[in-house]
There are 2 protein chains.
Amino acid sequence: MCQLLGMNCNVPTDICFSFEGFCARGGKTDEHRDGWGIAFFEGLGCRVFVDDQPSIDSPIAHLVQQYPIKSMNVIAHIRKATIGQVGLENSHPFKRELWGRYWVMAHNGDLKDFEYNSAGYYRPVGTTDSEQAFCLILETLCQAFPDRQPPLSELYSVLQSITDRIASYGIFNYLLSDGDHLFVHCSTRLNYLIRQAPFASAHLIDEDITVDFRDLTDAEDRVAIIATQPLTDNEVWTVISPGELLVFHHGNLSKIP
Amino acid sequence: MCQLLGMNCNVPTDICFSFEGFCARGGKTDEHRDGWGIAFFEGLGCRVFVDDQPSIDSPIAHLVQQYPIKSMNVIAHIRKATIGQVGLENSHPFKRELWGRYWVMAHNGDLKDFEYNSAGYYRPVGTTDSEQAFCLILETLCQAFPDRQPPLSELYSVLQSITDRIASYGIFNYLLSDGDHLFVHCSTRLNYLIRQAPFASAHLIDEDITVDFRDLTDAEDRVAIIATQPLTDNEVWTVISPGELLVFHHGNLSKIP
């Protein structure tokens, strides 16, 4: 299995603090040694760092921990391989283009007997169930709205329906983003918190590191953090219910009309 | 304008030496300060590092210079912005999926009055002429061969024809790869060399660095390097003729049937 980390904010924010605790689970405090990856949306652009080395040994992970890339939407993943060999083509997050925007996805879970051998436009490169699910989601959205991105409520409805269909094959926790919204589906286990004024300090579970967000934030800043397991031991994390598909925007939960 | 660097080999090889000289042109020995990028194919996977910082100041470029990622196909680019703002979404190389493989492209030149506002499946995210040309190439290949990747000679013929059409708008030097072949189109300026036994030493033009390839290679190794301007001053570079579309495979020039 794997672990997921997501961030959605109303101002470009770096994820160094959370990523440091998360990375420790890639071989130090936990066993997710089979690769890792992180995607940062920056404006319309999106850069993805992936490596098939364990995150605790990876020079690229060390760079990402120390280089404060500011982003409003981040998706990260550490992998313990189940379906699909260890290899770069099987490292999450996956990235594709739809409607002239980049879309990024990372998945935690197993989809047994799920197979999507597309003859359409989104075809998997690697051999994971996760990339197959991503391709099916994009193909479904593209077929439903061939010309352009629809309003959120219409997109949500199609996304929920294809998500439910895929989730019937097994465990399907995922983070998905177009750089604007962060879609979060909980199948078995995901937690979130929203940091906003009044800010306080936070202490990592996996490393003895504390950050005082009062020193780093403005009053209007809002940052949502989503993680498979809570990353800090002195903040209140909200458990997402199995079956829920949440949408974060500008660091807040969006109400879908 | 920009500069291009490509590598195509018969064994996974790192590009640290060539990339070090190339990077110096991103603000030290030349003026290409508006971003840079590099794509490494590794098996079916492909990772792209991009930055909108000048390559000489970029921590990510420094990592790539020092971290010997081994690949059989590499495409790199340093940018001096002409069409399209400085931004991550406009940084080459661009990467998309076609026929279940990743395709990567970087472009040097200007395509005046060229516009491709696709209603198809490959749509540009940024505002460069280069990404528009890449999308048109992929859309054309995909329409011509909707089911699967055709034999090289058939692919080459369609690629040459769409390349000629796009090149009629201006300067269109490009490197394009599916991780197996490296397609090289010269519109105005590109050079290549093939390093193979008997190996010798090479000295960079842009940095005072010499490498003796006899210490680093096996007798069967073959590495083709393609660059806008020669990178070394003691090797023989071959000028590619304007209008030529070359194909490199396993470090050799492919003959197209």
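# Sheets and a helix pair: worked exercises

In chain A, 6 strands make an open, antiparallel sheet in the order β5-β6-β7-β8-β14-β15. The edges are β5 (94-98) and β15 (252-253) of chain A; each has a single partner strand, so one side of each lacks a neighbour in the sheet. This is a predicted model: local features need pLDDT of at least 70, side-chain atom pairs count only at pLDDT 80 or more, and totals for chains, interfaces and linings use all residues. Residues are numbered from 1 along each chain as its sequence is written, while chains are lettered from A and ligands numbered from 1 in the order in which they are written.

Helices (H or I, at least four residues) and strands (E, at least two) are DSSP runs, numbered from the N terminus. Two strands pair if DSSP finds at least two bridges between them. Residues are in contact if their C-beta atoms, placed from the backbone, lie within 7 Å.

**Exercise 1.** Find the pairing of β5(A) with β6(A), and the helix across them.

*Solution.* 
- Start with the strands. β5(A) and β6 (residues 101-108) of chain A pair in the antiparallel sense over 5 bridges.
- Pick one residue. R96(A) stands opposite W103(A) in β6(A).
- α3 (residues 129-144) of chain A lies across β5 and β6 of chain A, at about 10° to β5(A). Angles run from 0 to 180 degrees between N-to-C directions; axes are lines fitted to C-alpha atoms, for helices over the stretch in contact.

**Exercise 2.** Give the strand order and edges of the 7-strand sheet in chain A.

*Solution.* 
- Read the order: β3-β2-β4-β1-β12-β9-β13, an open sheet with antiparallel pairing.
- Place the helix. α2(A) packs on this sheet and touches β2 (36-42) and β3 of chain A.

**Exercise 3.** Describe how α2(A) meets α2(B).

*Solution.* 
- Take the axes. Those of α2(A) (residues 59-66) and α2(B) come within 11 Å and cross at roughly 165°.
- Name the arrangement. The two helices are therefore roughly antiparallel (over 145 degrees).
- List the residues. P59(A), I60(A) and L63(A) meet P59(B), I60(B) and L63(B).

How values were computed
Angles under 35 degrees count as roughly parallel, over 145 as roughly antiparallel, 65 to 115 as roughly perpendicular and the rest as oblique. Two residues are in contact if their C-beta atoms, placed from the backbone, lie within 7 Å.
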